[in-house]
Amino acid sequence: MLNIRKGETLTDRRGVLCAIKERNRDRSLAKKRKRCYSGIGGQAVLEGIMMKNKNAYAVAVRLPNGKITVDRQEISGSISSGVVGRIPFVRGVFNFVDSLILGMKTLTYSASFYEEEEETKGDGVLNKIFKEKTEDVVMGFTVCISMLLAIGLFMFLPYLISELVSRWILNDSLIAIVEGVVRILIFVLYVLLISLMKDIRRLYQYHGAEHKCINCIESGRELTVRNVMRCSRLHRRCGTSFMLIVMCISIILFFFIRTDSIILRIVYRLLLIPVIAGISYEILRLAGKSDNLFVRIISAPGMWLQKVTTREPDPDMVEVAIAAIETVFDWRAFEEKRFGRKNMPAEKEQADRKKDMVSR
């Protein structure tokens, strides 16, 4: 028997009880069901999100006027999408390069909505020389410079510091460990410093929105703003975790470099970069599909660091992430197949989203 308070109708009371039952049902389902690997990934861009599924990606950007624009593209000419993309350890190297190129491309695309349309003299010269290939040339040059800076900052600088320390430490094994620890400290310090920038903080919020959406789908929840906001902003298959795994794997592999020649030490480190990337990719892939004790242990440091590289997003940011996902991924079919539950019709879902927006 329902106890109705003064001023409360029977319909209102039943609505509250239904909401409570729905919440309890979601909690019980969350405890019983296991996470399912969706295969989708993404990246935060300037005032937006890029989501990738197989050979397609979509970039959703919140325009200055408040509207959301979505651009969907097919990936062509990618090495990682061929036979090489199915070879363990080898695929990680090419996936890493493809991710860098795609990340730069989508970041440039999102920035184009917020920059002045005034062509500089340098742009004019490049357009005359390379014509329609100007964008690809600039993108390739940017990726190369980024990789060189990353190698210099996270590889050669720690090595130089360890060489300075070697004056007081005579044990080669201990010097190798010192080099690895310095590398991790430089990376963490870099992440902390850039997090102080206002634009980067907003980027981290969109990063959190990306993770929340993927967590929402992989836990079997309907992809609504309300459900996404309740999900975790941390995810094991994250670029932050990948970079930290790279740092740890480099400690192990560099530990076995034994030569007195400084040139050979540098050459061996450069040659081991693809090996490190391949191993790290497989570990990250395993972390996304498994949930055993070993995976939880190796994923813990990356998850901790994600508390810096992600921030709680606004509902408006979540809407952008949802728009990107729905352009390249049929989450309703995925959840029906993996969790055996039919989702609400798209029309009803859109109506519920409008109610959420009105209530905010």
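Is Ile-297 buried or exposed, and why?

Modeller: Keep in mind that this is a predicted model. Ile-297 counts as exposed, because its relative accessibility is 54% and the cut-off for exposed is over 50%. Its place is in helix α10, which covers residues 293-309. Now look back along the chain to Ala-287. Ile-297 and Ala-287 are 10 residues apart in sequence. In space, their C-alpha atoms lie 10.0 Å apart.

Val-90 gives a second case. This residue lies in helix α2, residues 90-111. Its relative accessibility is 36%, so Val-90 counts as partly exposed. That class sits between the 20% limit for buried and the 50% limit for exposed. Val-90 and Tyr-281 are 191 residues apart in sequence, yet their C-alpha atoms are 9.4 Å apart in space.

Next, helix α11, residues 315-328. The helix has 14 residues. From first C-alpha to last, α11 reaches 21 Å, close to the 20 Å expected at 1.5 Å a residue. Its buried residues are Met-317, Val-318, Glu-319, Val-320, Ala-321, Ile-322, Ala-324, Ile-325 and Val-328. Note that Glu-319 is among them.

Then there is a helix pair to examine. Helix α5 spans residues 172-194, and helix α8 spans residues 239-254. They pack with their axes 8 Å apart, at an angle of about 165°. Angles over 145 degrees count as roughly antiparallel, and therefore α5 and α8 are roughly antiparallel to each other. The crossing of α5 past α8 is right-handed. On the α5 side, the contact is made by Ala-176, Glu-179, Gly-180, Val-181, Arg-183, Ile-184 and Phe-187. On the α8 side, Thr-240, Met-243, Leu-244, Met-247, Cys-248, Ser-250, Ile-251 and Phe-254 take part. By class, this contact has 10 nonpolar residues, 3 polar and 2 charged.

Finally, the whole chain. Its secondary structure comes to 13 helices and 4 strands. Of the 360 residues in the chain, 38% are buried. Take the contacts between residues at least 6 apart in sequence: 69% of them join residues at least 24 apart. So much for the wider setting.

Methods. Residues numbered from 1 in each chain as written. Predicted model: local features only at pLDDT ≥ 70, side-chain atom pairs only at ≥ 80, totals over all residues. Heavy atoms only, no water. Helix = DSSP H or I, 4+ residues; strand = E, 2+ residues; numbered from the N terminus. Buried < 20%, exposed > 50% of the residue type's maximum accessible area, 1.4 Å probe, protein only. Axes fitted to C-alpha atoms, helices over the stretch in contact; angles between N-to-C directions. Parallel < 35°, antiparallel > 145°, perpendicular 65-115°, else oblique. Left-handed = near helix turned anticlockwise from the far one by under 90°. Contact = heavy atoms within 4.5 Å. Nonpolar A, V, L, I, M, F, W, Y, C, P; charged D, E, K, R; others polar. Expected span 1.5 Å × (residues − 1).
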